[in-house]
Amino acid sequence: MSAALFLVLLLSAGQHGGQGSLGCWSSCQRHVQDQALRARLCQLCVTTGRADAWVLELGRIRGLPAQEGLRSALTDPDWRVRWAVLRAQAKARGHTEPRTLADWVAEAPARDEVLACITAARAAASTGKSTASYLKEAGAKGGTAAARVWARRDAIREALEVEVYSEQAVLRGEALSHLATFLGRPPARVLLESMARRPEAGDVAAASALLSVAEKKGSSVGRMLLAEAKPPDQALINRLFAVYSADLEKLQKGLASLDVTERRATVQSLWRYGPLAQRELERALVDSEAQVRRLAAKGLAEAEGLSLMEAARRKIWDDGASLDTRCTWMDVVATEKTCEPFLLEVAHDTDFLADTRGEAAARLADCDGDATRRFQLLAPLLKDQQAAVRAGAVRALVLPRSPELDAAVAAALEDSMPEVVAAALGVVGRQRQVARVESVVTLLGSPHAEVREGAARALEWIGRPQHVKHLAQTLQQDSVASVRVAAAETLAVLGGPFAASALSQAAAKDPDSHVQHVARRGLARLGFRPP
């Protein structure tokens, strides 16, 4: 073997399950004695990375060397290699795989009995069936073979447990899954019984095995353990929790990463721990990035065995839930296909406070749906007695312009409550309703800060050079910092010498540090050096 080829095999060892490319190469070299066949077959270990690749190809070749190689491979320590031989034989003979397996197990001499029985147990488990079920249609010898396998269940259990605690992490999960399927018992129960017979030094391997099974099943170790937990298991479960707690502590660093891709990957890793990672998932539920929040919500739902919508309903309708918590879950719901009826239900539920209903109405803007129908659904909410609900409904008017919509916006601008007017100003800006610009400028003098801020932000979209002086006056004289910030940001967009002058004064003299920062940033955007 060349040095380069050995390096390739070494780097790929352990991949694709089983022994990987290096194990495949070793088994091929061990069982194929003919040099020409070796050169032809063993390279498949590199190109496929599968332990059984060369066996299946060997089964297609006629002649004594090929037959001798297959007979030798039937004693290989890797069950995949043995199973590949039987599959190749089944294809050559025109038999089913269960029948070929049953014939071999039933006829195997005593020295090969355990090896044959382990192969049968794992081959059946790989299809999700017990050995008896798999061999049920295996022909005349199916029953005999199944009974022989079950009679050696202690030896099979021992062999598979060795792999559960293997130094090769890639072997552990599959071995535990196969053992649980063979015994007809939950993986968590099988693992706990195994741990009771072994020292704590093997707990990391045991925890790794269950984590792998949970991931493959789309479940979590937390749920699997809770389903099996009994008082006598407490000490064993605490041992597993200690391992998982160390894992979770390491993952917490990923939640604080500035890289959103890393945060997403971290949240997906947390899914595998389920209820054990509740604290970490709740932390991710308030992440600044919507996709991270959605992944966290799905993880929390799965931890409780619920769908995302079921979990959201439980969280939102919880009497003790805060508005922030409800808003977070409504944000998540708004990304789902069935969000419209769900959010409408919240918006119309008078058992909720008006702020919750209004936030639900506002999030209808993020739901997919027909625009005409959406306006009809919002119409009753636009006339609700509670101002917060009306404001939320106005915020959801992110719809194509129409006479009905324009009339609704006009009515909202005349509403007696400032939050409704502010919401209407947001629509005016987003839809660039230039015809309303003078009304917006007038609202810069509103007695309500949220209206003045909304007016300043709307002018970013519909303002003209002649409106700069009004914004400059707001920046210089308004008593509320958030309004001055909005005015500064809009001035940076409109530009011009008067805008630059107002921003320069704010950068140097405004009593609020954030306003100063925004003003300096605006000056830089306009090409001026901040003071």
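## Helices α7 and α9

Helix α7 (residues 79-93) and helix α9 (residues 113-125) have axes that come within 10 Å and cross at roughly 85°. Axes here are lines fitted to C-alpha atoms, for helices over the stretch in contact, with angles running from 0 to 180 degrees between N-to-C directions. The two helices are therefore roughly perpendicular to each other, a term that covers 65 to 115 degrees. The model is predicted: local features need pLDDT of at least 70, side-chain atom pairs count only at pLDDT 80 or more, and totals for chains, interfaces and linings use all residues. Residues are numbered from 1 along each chain as its sequence is written, and side-chain values use heavy atoms, with hydrogens and water left out.

From α7, the residues W79, R82, W83 and L86 meet L115, I118, T119, R122 and A123 of α9; contact means heavy atoms within 4.5 Å. The residues of this contact comprise six nonpolar, one polar and two charged.

## Helix α15

G218, with a positive phi near 70°, follows α15.

Buried residues (under 20% relative accessible area, 1.4 Å probe, protein chains only) of α15 include D203, L210, L211 and V213. Among the elements covering the buried residues of α15 are α12 (153-164), α13 (169-183) and α17 (234-255).

## Residue W54

In the largest nonpolar core, which has 166 residues, W54 is among those that touch the most other members, together with L101, L343 and L397. Such a core is a set of buried Ala, Val, Leu, Ile, Met, Phe, Trp, Tyr and Cys residues joined through side-chain atoms within 4.5 Å. Leaving aside residues up to four places away in sequence, W54 touches residues including C24, H31, L41 and V81.

Methods
Buried means under 20% relative accessible area, exposed over 50%, partly exposed in between (1.4 Å probe, protein chains only). Helices (H or I, at least four residues) and strands (E, at least two) are DSSP runs, numbered from the N terminus. Angles under 35 degrees count as roughly parallel, over 145 as roughly antiparallel, 65 to 115 as roughly perpendicular and the rest as oblique. Ala, Val, Leu, Ile, Met, Phe, Trp, Tyr, Cys and Pro count as nonpolar, Asp, Glu, Lys and Arg as charged, and the others, Gly among them, as polar.
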